[in-house]
Amino acid sequence: MATEKQKDDYSLPENVFKFAWKHTKKQQIWVLSIVLLSMPTYFMALDLPKRIVNGPISGQGFEFAGAKGTFLNISVSLPDWLGGSEPIELFSGFQLDRLPMLIGLCTVFLGLVIINGLFKFYINTYKGRLGERMLRRLRYELIDRVLRFPIPVFKRIKPAEVSSMVKDEVEPIGGFIGDAFVTPVFLGGQAITAMAFIMMQSFWLGLIAGGIVLVQAILIPRLRRRLIELGRQRQLTARQLSGRVGELVEGISSVHVNDTSNYERAEASSRLGKIFSIRYELFQRKFFVKFLNNFLAQVTPFLFYLLGGYYAITGRLDIGQLIAVIAAYKDLPGPIKDLINWDQQRLDVQVKYSQVTDQFHVEDMLDPLLQSVTFDKVGPLGEKFSVSSLTVTDDSGTRLLDSVSTILPIHEHVAIVGSLNSGGETFADVLARLLPTTAGRAKIDADDLENLPQWRTGRRIGYVPADVSLFYGTVGDNLLYGLKHAPFRPREYQGEDKKRRLWEIAEAHNSGNCDLDINADWIDYESAGVEDYNGLINKTMQVLNVVNLTGDIMNFGLRGTIDPAAKPQLAEKIMTARRELGKRLSEEPYAEMVELFDPEAYTNQATIAENIIFGTGSGNLENGGNKAVYAYLHKVLSEENLDRDLFEMGREIASTVIELFADLPPGHPFFEQLSFMTAEEIPEYQVLLNRLKGVGFEQSKPQDRKDLVRLTFSYIEPRHRLGLMDEALCARLMHARRNFRDNLPDDLSNEIEFYDPDTYNSMASVQDNILLGRIAYGVAGGKDTILSLIRQVLDEHDLHDEIFTVGLDYEVGTGGKRLTSGQRQKLALARALIKQPDYLIVNRALVALDRPSQEQILENVLAYSKNEDGSERGVLWVLANPAMGKRFDRVLVMKEARLVEDGAPSELVRKNGEFAKLVA
Amino acid sequence: MLRRVPLFSQIDPAKLKLLAFTSERMTFQAGQDLCKQGDSGDAAYVIINGDADVIVEQGGNEIVVARVSENAVIGEIAVLCEIPRTATVRAMTRLDALRIDKEHFLRLIREFPEMAVEVMRELADRLTKTTAELTQARNDLKELAG
């Protein structure tokens, strides 16, 4: 019984109505009752115009002066089939004159309109909320399913298709669910009320209206059947398109290296063509149906006017009745049309729903219990892995692993060697629970691996694959990802935040979502073997040292920026380091290696533009990335009359460059050294120089001036050595610097932060803040010397850890693309190490590194895999390089999916078998 | 200036100017290494002024095998043959040198056969010298043994 119930709870109903009913029974009934409640006022609002026209306006009952009408008389009479009775008067009403009666009735009419509107408003809001909740539930359930798919399923699904299903395709389903039960009842009720009303006024007119409605109801769904099929196709093709586009983006390098971009264009064009033809047919048919609908709707009033008019003329119907009928009829096509629309939507959504849920029903879905949240301390993994007759085959039936039996004690350091895909990789994947076994068993002590909850294996086993997947975020986020098992320390909320959080929880429950707080502290300090955040940073440093990544992280930190307002103490410490560094740099041998920025002196080692702007800014200032700043720079230059000097200087630079580079073929390596212009610009400047031959600054065009002046911006005398600078020019440039600074327009003041030896520059990197200056060109070993001096000063000022923390904030980009593949692999290894796994599985990771680095990291990891009490933690390493197997306690040799040798490396070498061959 | 370097004497002055422009002028302090034995070679150097010792390290001992000065080209073997540096070159005085990037150097040789011939001549010259020294050394050894 229990299992039956479970299954029911966790599978998606095959029908969208069942799904909606299952989760929204109560709400649907509630909103239905509101709809029914709204019907009487709706009917009254229909009835009232007749009374107004017939009563006060036409004068029925007011035929003689002083006559009074009864207003607000409420009486109830039993229907005939209950025996009938005299009306029982509940409220006798007021006696009113003709004009007050009109005003009174109209006021009631207004009141009814408002009440109806409010009913509609409430019902729509309620429905909308219901729909949104169901959408949330459905999406959550789909994502939950993706998290529980067995891993091999991911080989055949395209990520972009899944995301398009979760994001786009379910959207109309959610919207529909709000309408699923209410709309037919509401609209049907309205239509029936209107019909009944017409019937009561005139049986024949009612019959006509009813007849036409019937035609609509029968004919139009038939016409729309093809529309549904087209809709289904549209959904499929759109989904495939998004899958294909995703594939294209991921495989863009293959497109470029194979020159297949045009094949891809053709492919895209043919897909889009197919989608176009589907959509075109779809809307053609849609508009035809619309036309038919409109036509039928308009035919009815035609009949009404004709027949109704005839009845009115012949006196069988009074004018008031006719107007009321027409007014009622105006309300009839609306609901009918909407009802037909609803039916249409129903079919459409049914198709969509089953299309989506089909994709999310897969075999062997993980039991949710395996992924349950656990806050408890998770005990050690166990004593040993035991594997017996383990066989794994892929979908094509190829044996990836062929009856392997062995026992691996948890504390052992084991290497698996063998050629690529000889079974070691599969074996590691099985132990990491990424592959299901086809036959045989894999157990930890007495428990089958497959039945173990993920909170046991996921916290006590570390796994590092060859193809690392990093998430978008910082280095730190990725590193600590493996520790985020549960919201261990809830966040405390106060006041408004607390209310908001409670609301969030309630809403999550309403949609069947989980209510775990993403803003809580999810990090499992205990797994990492630390007490608090500071301990964690130390730990982080430790594991990054093990994988030789600390240096890179420090570099990220030095290149990163900090906000001095948020971290005033750190900024202050960096300033102290800057002063200390400055002191040392003034002494030999450093003095000639660096030129510090001095607001009162020209910096020879910096470009002319840098010297005038003398600050850092948003965007890339050096390459003219910030147009507004450069426009202002030109303005300052002309105020200082410097533009004519720089114009001549630019002319000289251009002619030198052209003389040197003009006859080099494009792509020549020498162009890399050319910083003034690109190879493509050389001919343009050639033309420019010819045009300006003998033309002075005064006669030249503004654009030509700018083009030449621009060349001088990147000029650095010690680097380019063209002998173009002298002291007089430097002095004038310094004057320009002051002008630039003092008259900076307000709109640029947020774009630039000037260099100042006494303040922290929040736009510049940490390193630029420590070394507020430039490393000199042409001093052999200068850069390395200065960089190591900076490191030394950092260490002396206890800044190492803090800059390391800044480095942890480095964004890795999508999929970690801003890191090199070596850095990614190291980071993945560090991520596995930081949770101190009882058993670390490394599956051909680190292959992006050279052999010495691999060996060093391997040594580090083996040395690191010890508990505090000195006992060993286990390691299983699938090696790319068999020779490294000698460093392990035990080696498994795989060949053609079988385990062929097993033993201590020295023993295996002595045996002179496969291992000896691989190592030789 | 570069014209005085034998290796470049045959090359068009305009191209030498280009080479000078695209190369980096470096200053070395006395005692600083221009290149280290065993490192990979990423550049060749032309000494502009100053002196340097060519040192070969063997079994922990450093043996000075030659002294080079103005206009000498050093480090071209590692660049040409893609082998690690065969010797350490250490500045003995303050020394200025033009650092020619490996790519640029190879490109020059490809573009100017005169330069290739000059490089060959230089290498052959050194080989002759080395062979002579080797013969001498063997004879010395024989005498010592005999």
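Predicted model: local features only at pLDDT ≥ 70, side-chain atom pairs only at ≥ 80, totals over all residues.
Contact here means heavy atoms within 4.5 Å.

Glu901(A) belongs to strand E20 of chain A, which covers residues 898-903. Leaving aside residues up to four places away in sequence, Glu901(A) touches Val891(A), Leu892(A), Val893(A), Leu908(A), Lys911(A), Gly913(A), Glu914(A) and Phe915(A). Although Glu901(A) is buried, it has no salt bridge. The nearest side chain of opposite charge is that of Lys911(A), at 5.0 Å, whereas a salt bridge requires a side-chain nitrogen of Lys or Arg within 4 Å of a carboxyl oxygen. A polar atom of the Glu901(A) side chain does, however, lie 3.3 Å from the backbone nitrogen of Phe915(A).

His634(A) is found in helix H21 of chain A, formed by residues 627-639. This histidine counts as buried because its relative accessibility is 18%, and buried means under 20%. Again apart from residues up to four places away in sequence, His634(A) is in contact with Lys706(A), Val709(A) and Phe713(A).

In chain B, four strands make up an open sheet in the order E1-E8-E3-E6, with antiparallel pairing. Its edges are strand E1 (24-28) and strand E6 (73-74) of chain B, each of which pairs on one side only. In general, the strands of a sheet pair through backbone hydrogen bonds, in either a parallel or an antiparallel manner. Five bridges join E1(B) to strand E8 of chain B (residues 95-101) in the antiparallel sense. Within that pairing, Glu24(B) has Arg99(B) of E8(B) as its bridge partner.

Terms used: Residues numbered from 1 in each chain as written. Chains lettered and ligands numbered in written order. Heavy atoms only, no water. Helix = DSSP H or I, 4+ residues; strand = E, 2+ residues; numbered from the N terminus. Buried < 20%, exposed > 50% of the residue type's maximum accessible area, 1.4 Å probe, protein only. Lys, Arg positive; Asp, Glu negative; His and termini not counted. Polar contact = N/O pair within 3.5 Å; in protein donor to acceptor, adjacent residues only side chain to side chain. Pairing = 2+ DSSP bridges.
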